[in-house]
Amino acid sequence: MLIPVMEQFDARLLELPRLLRGLEHRTTAGFPADAVQWLTGVCELAEQNHLQMASDLALVRADLLLFTPRAATEPGVTGSKRQQTEQFAVQCLTRAHDLILACFAPLRQAYQECEPACRQALAVAAVQGKLTAQDTAEQATACLRSDASLLPVWTQIIGRLGAANAEVLLDRMIAQIER
């Protein structure tokens with residue numbers, strides 16, 4: 001799984017507060033339809049990236065599409081059909097949110113664990129005069145690979161994140177090198 005893909009999903013999750021504000025202020029009568037639209041976009045994104053959670057998200061979306069509120073005359077039923085539908089839509093959004101977080105939790109944890117090691121390796125290279133904040137990620141990679149004392153750290157980062165994600169991390173950390 002790639003960091004840029006995770007960030008695409010993070011961006012979609014950041015749309016939820018706006019969506020839920022519409023429910024809070026009752027500014028939208030079509031909240032369930034908005035929730036279906038959001039779920040559709042998230043499902044498509046998961047499919048485009050060949051993520052297994054695409055099927056789970058599709059099931060959540062189908063649940064929302066097929067939901068039929070019970071009549072308020074039935075025993076134990078509270079709230080209007082609209083309220084029941086909105087509550088179920090929130091439950092579906094919560095399930096989708098949890099699926100997305102669970103899918104990317106291992107990558108997020110690995111990134112957070114590798115970040116200090118990467119920052120430290122770059123700082124050592126900078127102190128040695130081999131690297132500056134203006135250098136590119138390719139130059140930093142070459143520096144880390146060519147230095148026998150930094151190579152084990154770089155190898156560990158690649159082993160933990162994968163080569164493509166390690167490059168993304170390195171690209172972000174290089175700008176933070178003290179001058």
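Reader: Leaving aside its neighbours within four places in sequence, which residues is Arg 12 in contact with?

Author: Arg 12 is in contact with Trp 38, Gly 41, Val 42 and Leu 45. Contact means heavy atoms within 4.5 Å. Keep in mind that this is a predicted model, where local features need pLDDT of at least 70, side-chain atom pairs count only at pLDDT 80 or more, and totals for chains, interfaces and linings use all residues. Residues are numbered from 1 along each chain as its sequence is written, and side-chain values use heavy atoms, with hydrogens and water left out.

Reader: Why is Arg 12 called buried?

Author: Buried means under 20% relative accessible area, exposed over 50%, and partly exposed in between, using a 1.4 Å probe and protein chains only. Arg 12 has 19%, so Arg 12 is buried. Arg 12 sits in helix 1. Helices (H or I, at least four residues) and strands (E, at least two) are DSSP runs, numbered from the N terminus.

Reader: Which residues of helix 1 are buried?

Author: They are Ile 3, Val 5, Met 6, Phe 9, Arg 12 and Leu 13. These residues pack against helix 2, helix 3, helix 4, helix 5 and helix 8.

Reader: How do you know that Phe 9 and Phe 104 are buried?

Author: Phe 9 has a relative accessibility of 0%, so Phe 9 counts as buried. Phe 104 also has a relative accessible area of 0%, and is therefore buried.

Reader: How many aromatic pairs does the structure hold?

Author: It holds 2 aromatic pairs. Rings of Phe, Tyr and Trp (its six-membered ring) pair if their centres lie within 6.5 Å; planes under 30 degrees apart count as stacked, over 60 as edge-to-face and the rest as tilted.

Reader: What makes the pair of Phe 9 and Phe 104 tilted?

Author: The ring centres are 5.3 Å apart and the planes are at 40°, so the pair is tilted. Phe 9 lies in helix 1 and Phe 104 in helix 5, so the pair ties together parts that are 95 residues apart in sequence.

Reader: Why is the pair of Phe 67 and Phe 88 called stacked?

Author: Their centres are 4.3 Å apart, with 10° between the planes. Phe 67 is in the loop between helix 4 and helix 5, and Phe 88 is in helix 5.

Reader: Why do Phe 67 and Phe 88 get their accessibility labels?

Author: Phe 67 has 26% relative accessibility, so Phe 67 counts as partly exposed. Phe 88 has a relative accessible area of 17%, so Phe 88 is buried.
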